[in-house]
Amino acid sequence: PRCSSARRQEAAPPARAGAMRGMAEEHFAGLLPVDGAPEERPARAMTFGRRAHRPLWAVSGFAALYVCVVQVARWSGAGSASENGSTLRGSSAEYSVGEQPSLFCWCVMRENGYEQDLVEKQYHMRAGIAACDGSIVFSANSLRLGPSVQTVALGDLSSTLGGRGPLATASWVNTENFYRAWAHLRDTQAYRRFDWVVKVDPDTVLVPSALRQHLVSRGFNAPVSLYLMNCPNVPNGFYGSIEAISRMAADRLLQSLEQCRHTLPYADGWGEDLFCQKCMDLAGIGHVVDWELVLDGTCHGTGKQPEACEPGRSAYHPFKSVDAWAQCWRQAMNQPPPTQPAPAQPLPTQPMPTQPVPTQPVPTQPVPTQPVP
């Protein structure tokens, strides 16, 4: 069937799109394995409206309905309006299964320091989280980072460095701060029109175009419920520089948020990434090992930023100065360094030839002599 713009509203008006989409996803998700790439299935070409999409798995007629419902549910998401603090860009509303997945990216930023400088630079360059299909920045107070970017206030973001207990982090004990951010996403549903939810640190150089291609290469451009493990050198394999979670997994995470808060012993000094991972595990969300996702100097033991950001990774970490962050972005995007204007050269000065001043002889007048009487 063709899912033309006229039949979109006829088949599923926007008021019913969310319910139909949830039914479709519940049916479709059961046909995909959780812990690996989708199985090979016979494929056939499908066309919606005037746009030809990549082949889909011929799993059932309901899968075709799913794509049409996705189109309806996201039809209102195009453009660059700001809703509930989130910034939208591009035409991700027209994404359907088989294309590159759309990304909703967010971070928690500390004010009046290098983190704010880094995030402002990203929106100025339209790079990092600003290059995602939707984004949101949390901070203690609501701040304006640019002409159309307003942060969402979370209140006090103070935290202690290092915790106690067998699973305590040596970094910031910040679970409560990030709990408020997740709760905002749950309450506003700002993330639900996108396919993957990506949390990054402000000093992470995120390359959304590379991440989209990476997800497609892993077979994750179809609906799945999982998160990506990204760091081999931490006990649980999930490190907070980039947390990539599919939208269906984010749904289940946020539905379990209160249960996790009252069940998990995070008060012993957990970081937000460990709390997030343990909550997803508690909710029965699967994961996939993906050590190639990020080039992370902190995860891989050096504690220093990578020496070079060779293209091919979805993220690089950490880069704590604006110049270093921008240089890494250009390298990852294979862009030439910015040209520096040539210093102004002083004009050569020629000595002025000195002309001899003509001298005129002073006429001498004879002194009259008077005879002596």
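Predicted model: local features only at pLDDT ≥ 70, side-chain atom pairs only at ≥ 80, totals over all residues.
1. Residues are numbered from 1 along each chain as its sequence is written, and side-chain values use heavy atoms, with hydrogens and water left out.

2. Taking a salt bridge as a side-chain nitrogen of Lys or Arg within 4 Å of a carboxyl oxygen of Asp or Glu, the count comes to 13. Lys-199 pairs in this way with Asp-201 at 2.8 Å, N to O, and with Glu-243 at 3.6 Å, N to O. Because Glu-243 lies in strand 17 (residues 242–246) and Lys-199 in strand 14 (residues 196–200), their pair ties together parts that are 44 residues apart in sequence; strands here are DSSP runs of E, at least two residues, and helices runs of H or I, at least four, numbered from the N terminus.

3. Lys-199 has a relative accessible area of 1% and is buried, where buried means under 20%, exposed over 50% and partly exposed in between (1.4 Å probe, protein chains only). Glu-243 is likewise buried.

4. A further salt bridge joins Arg-313 to Glu-292, with the closest N and O atoms 3.5 Å apart. Arg-313 is partly exposed at 21% relative accessibility, and Glu-292 is partly exposed at 49%.

5. Helix 10 (residues 322–332) has among its buried residues Trp-325, Cys-328 and Trp-329. Just after helix 10, Asn-334 takes a positive phi of about 60 degrees.
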